[in-house]
2 protein chains.
Amino acid sequence: MIMNDKFSPKITIFEVASAAGVSFATVSRVINHDAHVKPETRERVLDAMHRLGYVANRQARSLAGGKSNTIGLLVPDLGTGYIGEIIRGIDTELSWSEMDLILYTTHRTAAKEANYVANLARGMVDGLLLVLPRNPVDYIETLTRRNFPFVLIDHQGIEENCPAVGATNWQGAYTATEYLIQLGHKRIGFITGSMDLGCAVDRLQGYRSALRTHHIPESPELIYEGNFFQPDGYAGACALLDLKDPPTAIFASNDVMAMGVMDAVRTRGLRIPDDISVVGFDNIPQSAMVYPPLTTVQQPLEQMGRVAAQMLINILKNNDKDTNRIELPTELIIRSSTSPPKDRAG
Amino acid sequence: MIMNDKFSPKITIFEVASAAGVSFATVSRVINHDAHVKPETRERVLDAMHRLGYVANRQARSLAGGKSNTIGLLVPDLGTGYIGEIIRGIDTELSWSEMDLILYTTHRTAAKEANYVANLARGMVDGLLLVLPRNPVDYIETLTRRNFPFVLIDHQGIEENCPAVGATNWQGAYTATEYLIQLGHKRIGFITGSMDLGCAVDRLQGYRSALRTHHIPESPELIYEGNFFQPDGYAGACALLDLKDPPTAIFASNDVMAMGVMDAVRTRGLRIPDDISVVGFDNIPQSAMVYPPLTTVQQPLEQMGRVAAQMLINILKNNDKDTNRIELPTELIIRSSTSPPKDRAG
DNA sequence: GATTTTAATGTAAACGCTTTCATGTCGATG
DNA sequence: CATCGACATGAAAGCGTTTACATTAAAATC
């Protein structure tokens, strides 16, 4: 039954009811898996529904039932594939429930973000999934007070405790930095992400801690503030390579910037990893495809989406208010963009 | 006004109406930009709405008005960034109208696709945007007969005439092939996409036509049937390079497969472009970032999304049934993965 | 100034469903 | 045999809008 045209004139519960010889209320009960329906009756109704090609009207259900069976997904943009991975996870998980997904792109505009949230929370959707929220402080408190279900994805707040899934950014950056140190690097450049994002802060902290642990003094000039975009990587690498005492390795806070770094390094006629080691963060699909393949810290993006969706559904179904922050482990993926520094190798 | 809590108890048109001292019908008129409202009254209502933080209930509007102000977007998946670009375009265009976007991922399952379409067309959405539809024949006819608005994106049907936006795939492949021929290549390998997709067929035809035009005999063994995924590129390249008389250039039907080709070529210890030239199709963001940067045929993905959204909105608003297939021009982007063949260059 | 048009607003009936409450049926109980 | 409960079903009241249709007020016509 692809699409039942013969019956095109709207099939409502009324039609189904009369076809099955019951009242429309009974049909509604069947739809909603109400226990108080005789199995035989249920069968008859189900059969009629099938025969007529009945499809429930979602808006009507929402209006009457007070829930939309829709969850809202707010993302900054869709450019990098980073978000795509997360959505894939969400989508997979949602396909088990009967929920629909409404997509909103904020284009990194904080105002738009707050506005969307305000509207959505007024009944358009039953729950909210917020990816990489810009400044959620604006609305999280309200959402919480209203008891409106939501889950933050990839946001480490300094704020209160609320449902969120993230990755162990600190740990990931720490491990990667330590790896570089163990290769023999002493001067390691770092390019930050947008510092208004918790994950960017955490990564920087991880880098710093690793240096501290290994008694390598931190040089402010080795830290370049970027914004998670590729040109920042390029600019950052240029700035770092222009230092009198340039780094032998550069750690970019995400893969996209790392690509920019690679570009800059190559432009200068330097080779990766022989002259400069490069490390990224995220493990987006193309990081394996660039040349040389990028050593990076893997974020379990798809899994993050999955887990977030599960959490939200759980809150929705069981009104389980106790779900809290979950951190998924990152993993260092060693590829070919890193090696011991030249002077030491030689 | 981020979110008006003081008034949290549901604000409906009734509340607004009494606050503005008018009947609720008038409020509805204001919302729907009805001409028959005195400007002064409209002002008063608008003011009340703003003060109370009124947000219209979408489900109710849909139910009563018969339209959902939502358009459905059906995509195969979100893995490659290819779709992301298209969505970006759609999203941009939609942000001007008041439409929402519901996202459905079919995971390349034809059955799921038909099913979604069936459901959606029954009132959940006002119109449908179908990206890279799998076998739309199943439902296009029904959709058309029902007069349900939809636009196909990136699908060249052999079928009847219906609203669609695509790219000049044939032309793009022709131009790229011709470029390789002009570089001096005589044996050019070709890796196809999924041949159940119109665009894949067109690209193959473009390749063939270019050969024919330049009187180069077509060798069946130089054509490898792929599926648009990276491993197909790898496998295809291996097969082609294993020929007794291997090609001096390989043209993959999309960038993702071209990456696979590059991988295979490097694995064999051959150099790009010195030993083998590689050309892709799509110009996805990472094609500029791989090494060497990939020569490819640019598809105006973002623009395709934009145009498709415009078309749909146009159909929706003006019931303009005359919109038809639009083909956006492709463009050959020459980067560093191509050069004259070795024997001739040497 | 009485009458017709037109503009502005109000009234009430859908829209398709969920859900509470009331009704009816049946087997079991005293 | 009358009574009680549990279970199955029906009836009806919303849910928050849109949209004919009806009404009123104001402007225009003669």
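Author: Let us begin with pairing: two strands count as paired if DSSP finds at least two bridges between them. The model discussed here is a predicted one.

Reader: How do you know that strand 5 and strand 11 of chain B pair?

Author: Strand 5 of chain B, residues 164-167, and strand 11 of chain B share 3 bridges in the parallel sense, and the definition asks for at least two, so they pair. In one of these contacts, Gly166(B) has Glu327(B) of strand 11 as its bridge partner.

Reader: What makes strand 11 of chain A and strand 11 of chain B edge strands?

Author: The 12 strands form an open sheet with mixed pairing, in the order 11(A)-5(A)-4(A)-3(A)-1(A)-2(A)-2(B)-1(B)-3(B)-4(B)-5(B)-11(B). Strand 11 of each chain, residues 326-328, pairs on one side only. From one strand to the next, the twist averages 20°.

Reader: Why are the two copies said to be related as by a two-fold rotation axis?

Author: Chain A is superposed on chain B, with an RMSD of 0.2 Å, by a rotation of 180° with 0.2 Å of shift along its axis. The copies are thus related as by a two-fold rotation axis. Both use the same surface, since 97% of the contact residues of chain A recur in chain B.

Reader: What makes a residue count as near DNA strand C, and how many surround it?

Author: The C-beta atom, placed from the backbone, must lie within 6 Å, and 26 residues surround DNA strand C, with Thr12(A) and Ser23(B) among the closest. By class, this surface has 13 nonpolar, 9 polar and 4 charged residues.

Technical notes. Residues are numbered from 1 along each chain as its sequence is written. Chains are lettered from A and ligands numbered from 1 in the order in which they are written. This is a predicted model: local features need pLDDT of at least 70, side-chain atom pairs count only at pLDDT 80 or more; totals for chains, interfaces and linings use all residues. Copies are superposed by least squares on the C-alpha atoms of residues with pLDDT of at least 70 in both. Two residues are in contact if their C-beta atoms, placed from the backbone, lie within 7 Å. Helices (H or I, at least four residues) and strands (E, at least two) are DSSP runs, numbered from the N terminus. Axes are lines fitted to C-alpha atoms, for helices over the stretch in contact, and angles run from 0 to 180 degrees between N-to-C directions. Ala, Val, Leu, Ile, Met, Phe, Trp, Tyr, Cys and Pro count as nonpolar, Asp, Glu, Lys and Arg as charged, and the others, Gly among them, as polar.
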